[in-house]
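Keep the picture open as you read along.

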Amino acid sequence: MNDRKPAASASTGRRARVERATKETTIVVAVNLDGSGRAEVATGVPFLDHMLDQVARHGMLDLSVQAKGDLHIDAHHTVEDVGITLGQAVKQALGDKAGLTRYGHAYVPLDEALSRVVIDFSGRPGLEYHVQFKRALIGEFDVDLVHEFFQGFANHAQVTLHIDNLRGENAHHQCETMFKAFARALRMALERDSRAHGAIPSTKGSL
């Protein structure tokens, strides 16, 4: 992708706002990592809006996402670029990661479906994604785009992210358990560790 202009950003405390503009999408994401679960989301992709609302609610983030993309082609660029921009915003909001718990994990069920997510704010981006969906579409949403969202997030938040759907027969349930588990793992990893006394959680002294 070729950006028309550099991303503009601003941050204070554990908050950040990032703007991303390309020939394919224009996206503005604002996060408050110490929020109360509020979400204001409008991406033009209803199922993605639903999943982002889950991320805010279960991750206890205040999250605003406004996106305009080339949906006349398909939702690929919009979903991927929202993941990228969210990753950038979370990274900026964290700053130097002093006092961060760093690691988070969660299992979340929904009826027959069960997913596990493990995250490490390691500074080393990587995604391990092990999901076999039972169908290709959830309504009009292409399930392949779930991988693109998380790949964009992992690369730009600079996290190691493992996502495993352990079981499930309903694709909506599979997807929702992944996003909810991601939110819960994120919440755990982003917590301040009171026993760390502001230290950076790495023997290297930086992340």
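Q: Why is Asp-164 called buried in this predicted model?
A: Its relative accessibility is 16%. Buried means under 20%, so Asp-164 counts as buried.

Q: Where does Asp-164 lie, and which residues does Asp-164 touch, not counting those up to four places away in sequence?
A: You will find Asp-164 in strand β11, which covers residues 160-167. Leaving out residues up to four places away in sequence, Asp-164 touches Leu-114, Ser-115, Arg-116 and His-130.

Q: Which residues of α3 and α4 meet, and what is their make-up by class?
A: From α3 come Val-146, Phe-149, Phe-150 and Phe-153, and they meet Cys-175, Met-178, Phe-179, Phe-182 and Leu-186 of α4. By class, this contact has 9 nonpolar residues, with no polar and no charged ones.

Q: Which members of the largest nonpolar core touch the most other members?
A: They are Ile-119, Phe-121, Phe-150 and Leu-161, in a core of 58 residues. Helix α4 gives the most to this core, with 10 residues. Not counting residues up to four places away in sequence, Leu-161 has contacts that include Ile-119, Phe-150 and Phe-182.

Terms used. Residues are numbered from 1 along each chain as its sequence is written. This is a predicted model: local features need pLDDT of at least 70, side-chain atom pairs count only at pLDDT 80 or more; totals for chains, interfaces and linings use all residues. Side-chain values use heavy atoms; hydrogens and water are left out. Helices (H or I, at least four residues) and strands (E, at least two) are DSSP runs, numbered from the N terminus. Buried means under 20% relative accessible area, exposed over 50%, partly exposed in between (1.4 Å probe, protein chains only). Contact means heavy atoms within 4.5 Å. Ala, Val, Leu, Ile, Met, Phe, Trp, Tyr, Cys and Pro count as nonpolar, Asp, Glu, Lys and Arg as charged, and the others, Gly among them, as polar. A nonpolar core is a set of buried Ala, Val, Leu, Ile, Met, Phe, Trp, Tyr and Cys residues joined through side-chain atoms within 4.5 Å.
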